[in-house]
Amino acid sequence: MSFVLDCSVSMAWCFEDERTAATDALLERVIADGAHAPALWPLEVSNVLLSAVKRKRIPADAVAVVAQRFAALPIAVDAGSADIVWNNTLQLAQRYSLTSYDACYLELAQRKALPLATLDATLRNAAAAAGVGVI
C-alpha cells in the first residue's frame, strides 16, 4: 500500500546518523509500491540538501547525485496541493498548530486516504488526532 511521504523520512535516507531500520524499510516500500508527496516536497528536500552542504554534512558535489536518486524514485508529486492551501491546508495548520508545510502533508494524506510517514512528533500527533494513519 502506498503512503504520503514527508521530508523528514526522505532526509533520513541521506544521513547515516538519521537512518534507522524503519526508515530503510520505508525506502524499500517506496521502491516497491511508490509514494505520494505534496508539491512542496522537492523544494523542502532540496533546501535540506543545500543546508547540509553549508553545515558540511555532505559535500557540494553530492547534492546532484542525491537529487537524481530522489527524482528516480516512484514518488507522485501532487501538483494540486498548491491549489488548496488557502482552504483545507490553512485550516489544518490552524486546527492542529502545524506549520503550513506540515499541514500540506497532512492534507494530502487525508485527501488520498493514505497513511502518513513522518518522523516529526507534532505532525504524527496531528495526523493521529485527524484520524490519519501514521507509519
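**Close-up views of a predicted model**

Thr-20 lies in the loop that joins α1 (7-12) to α2 (21-33). This is a predicted model, in which local features need pLDDT of at least 70, side-chain atom pairs count only at pLDDT 80 or more, and totals for chains, interfaces and linings use all residues. Residues are numbered from 1 along each chain as its sequence is written, and side-chain values use heavy atoms, with hydrogens and water left out.

**View 1. Thr-20 in the loop between α1 and α2.** The helices named in these legends are DSSP runs of H or I with at least four residues, the strands are runs of E with at least two, and both are numbered from the N terminus. With a relative accessibility of 40%, Thr-20 counts as partly exposed; this class lies between buried (under 20% relative accessible area) and exposed (over 50%), computed with a 1.4 Å probe on protein chains only. Thr-20 is eleven residues from Val-9 in sequence, and their C-alpha atoms are 9.9 Å apart in space.

**View 2. Ser-2 in the segment before β1 (4-5).** Ser-2 has a relative accessibility of 16% and therefore counts as buried. A polar atom of the Ser-2 side chain lies 3.3 Å from the backbone oxygen of Gly-34. Such a polar contact is a pair of N or O atoms within 3.5 Å; within protein, one must be able to donate a hydrogen and the other to accept it, and residues adjacent in sequence count only if both atoms are side-chain atoms. When residues up to four places away in sequence are not counted, Ser-2 touches Asp-33, Gly-34, Ala-35, His-36, Leu-114 and Pro-115. Here, contact means heavy atoms within 4.5 Å.

**View 3. The packing of helix α3 (residues 41-54) against helix α4 (residues 62-72).** Two packed helices are described by the angle between their axes and the distance between the axes. For α3 and α4, the angle is about 155° and the axes are 10 Å apart. The axes are lines fitted to C-alpha atoms, for helices over the stretch in contact, and angles run from 0 to 180 degrees between N-to-C directions. The two helices α3 and α4 are therefore roughly antiparallel to each other, a term for angles over 145 degrees, while those under 35 count as roughly parallel, 65 to 115 as roughly perpendicular and the rest as oblique. On the α3 side, Trp-41, Val-45, Leu-49 and Val-53 meet Val-63, Val-66 and Phe-70 of α4. By class, the residues of this contact of α3 with α4 are seven nonpolar, no polar and no charged. Ala, Val, Leu, Ile, Met, Phe, Trp, Tyr, Cys and Pro count as nonpolar, Asp, Glu, Lys and Arg as charged, and the others, Gly among them, as polar.

**View 4. The packing of helix α6 (residues 100-112) against α7.** The angle between α6 and α7 is about 40°, and their axes are 10 Å apart. Asp-102, Tyr-105 and Leu-106 of α6 make the contact with Leu-123, Ala-126 and Ala-127 of α7. The contact of α6 with α7 has five nonpolar residues, no polar residues and one charged residue.

**View 5. Glu-107 within helix α6.** The relative accessible area of Glu-107 is 3%, so this residue is buried. Apart from its neighbours within four places in sequence, Glu-107 is in contact with Ile-84, Asn-88, Thr-89 and Leu-92.

**View 6. Leu-116 in strand β4 (residues 116-117).** Leu-116 counts as buried, at 0% relative accessibility. Its contacts, leaving aside neighbours within four places in sequence, include Val-4, Asp-6, Tyr-105, Ala-109, Leu-123 and Ala-127. Val-132 is also in contact with Leu-116; these two residues are 16 residues apart in sequence and 7.1 Å apart in space, C-alpha to C-alpha.

**View 7. Lys-56 in the loop between α3 and α4.** Lys-56 is a residue other than glycine with a positive phi, near 65°. With a relative accessible area of 74%, Lys-56 is exposed.

**View 8. Ser-97 in the loop between α5 (85-96) and α6.** Although Ser-97 is not a glycine, its phi is positive, at about 55°. Ser-97 is exposed, and its relative accessible area is 63%.

**View 9. Ala-130 in the segment after α7 (121-129).** Ala-130 is in contact with Tyr-96, Leu-106 and Gln-110, its neighbours within four places in sequence being left aside. Between Ala-130 and Leu-43 there are 25 Å in space, C-alpha to C-alpha, and the two are 87 residues apart in sequence.
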